[in-house]
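Please open the structure in your viewer and keep the sequence beside it.

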Amino acid sequence: MTTTTSPAPCSRSWSISEDSLRRYVHFASESCIQELLSASDSNRGSGNCDGWKVLALENGVEISKRRSGSLHTFRSRWLLRSVSPQQFITVANAIDAAKQWDPDLVEARYIKDLEDNLSIIRLRFGDNSKPLFRNREFIVYERRETMEDGTLVVAVASLPKEIAAGLHPKQSNAIRGLLLQSGWVVEKLEDDSCVVTYVVQLDPAGWLPKCFVNRLNTKLVMIIENLRKLAQACPSDGER
């Protein structure tokens, strides 16, 4: 690994080999996967176990929040009837269709495929996006795994800023955002339905205004509804 430092400290970047990047992402994503599985399994039907506080519960969708220090983790969980895990993941992982379920997203594209289930992605949000996403770009890894019981896990998190800068220099008019441990857990049910848990962790570096919490709740509900419609329209395995 070599380090290149320009006169401006904020523009420091690391040039890293593809093998080193692959090993780093494998290591970093392991803890992300475990955190996602833990979040999907905790306090089913209760509401305040493990620090989770239910913020909204309507139309079968539960939205909860947990805080640890400056970190805020939001979790949405819902049942999709007559939608298989593969149908859902096909929609959620279709990067070229991501703007259909998150209208705040301006651009999403692959930077590098490290393995069949391991990719580096750039996400860019526009001027009209919600706070903490507005005019921001994120350089993230995405790791997709199938567990022994058939549960599908998609782990997503930002790369360290120096590695991200080496892979894709920051655009002059954008703010490089930080997405912490986030992603999907999709659990198969017997009737070819599934339970989906979506987790997003943010670090606003302090107090999170209630108005922002409300706006993020609204955004999560909107994303869930859009994904549900797209997943139900996606052909099932038997129809392909």
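**Before starting**

This is a predicted model, in which local features need pLDDT of at least 70 and side-chain atom pairs count only at pLDDT 80 or more, while totals for chains, interfaces and linings use all residues. Residues are numbered from 1 along each chain as its sequence is written, and side-chain values use heavy atoms, with hydrogens and water left out.

**Stop 1: aromatic rings**

A pair of aromatic rings is described by the distance of the centres and the angle of the planes. Rings of Phe, Tyr and Trp (its six-membered ring) pair if their centres lie within 6.5 Å; planes under 30 degrees apart count as stacked, over 60 as edge-to-face and the rest as tilted. How many aromatic pairs does a search of the whole structure find? The search finds five.

Select Phe125 and Phe138. Their ring centres are 5.8 Å apart and their planes stand at 90 degrees, so this pair is edge-to-face. The pair links distant parts of the chain, 13 residues apart: Phe125 belongs to strand β7 (residues 118-125) and Phe138 to strand β8 (residues 136-146). Strands (E, at least two residues) and helices (H or I, at least four) are DSSP runs, numbered from the N terminus.

Are these two residues buried or exposed? Phe125 is buried, with a relative accessible area of 5%, and Phe138 is buried as well, at 3%. Buried means under 20% relative accessible area, exposed over 50%, and partly exposed in between (1.4 Å probe, protein chains only).

Next, select Trp78, Phe88, Trp101, Trp184 and Tyr198, which ring pairs link into a cluster.

Then display Arg75 together with Trp52. Arg75 lies over the face of Trp52, at 4.2 Å from the ring centre. A charge sits over a ring if NZ of Lys or CZ of Arg is within 6 Å of the ring centre and within 35 degrees of the ring normal.

**Stop 2: helices α2 and α5**

Two packed helices are described by the angle between their axes and the distance between the axes. Show helix α2 (residues 85-92) and helix α5 (residues 210-233). The two pack at an angle of about 120 degrees, with their axes 9 Å apart. Axes are lines fitted to C-alpha atoms, for helices over the stretch in contact, and angles run from 0 to 180 degrees between N-to-C directions. The helices α2 and α5 are therefore oblique to each other; angles under 35 degrees count as roughly parallel, over 145 as roughly antiparallel, 65 to 115 as roughly perpendicular and the rest as oblique.

Within α2, select Gln87. Gln87 counts as buried at 4% relative accessibility, and its side chain reaches the backbone nitrogen of Ser84 at 3.0 Å. Ile89 also lies in helix α2 and is buried, with a relative accessible area of 9%. The C-alpha atoms of Ile89 and Arg144 are separated by 9.6 Å, although these residues are 55 residues apart along the chain.

Within α5, select Ile224. Ile224 is buried, with a relative accessible area of 4%. From Ile224 to Val196 the C-alpha distance is 9.5 Å, across 28 residues in sequence.

**Stop 3**

Most residues other than glycine have a negative phi, and most peptide bonds are trans. What is the phi of Ser82? Ser82 has a positive phi of about 60 degrees although it is not a glycine. Ser82 lies in the loop between β5 (71-80) and α2 and is exposed, with a relative accessible area of 61%.

Finally, select Asp192, in the loop between β11 (182-188) and β12 (194-202). Phi of Asp192 is near 60 degrees, again a positive value in a residue other than glycine. Asp192 counts as partly exposed, at 36% relative accessibility.

Note on methods. A polar contact is a pair of N or O atoms within 3.5 Å; within protein, one must be able to donate a hydrogen and the other to accept it, and residues adjacent in sequence count only if both atoms are side-chain atoms.
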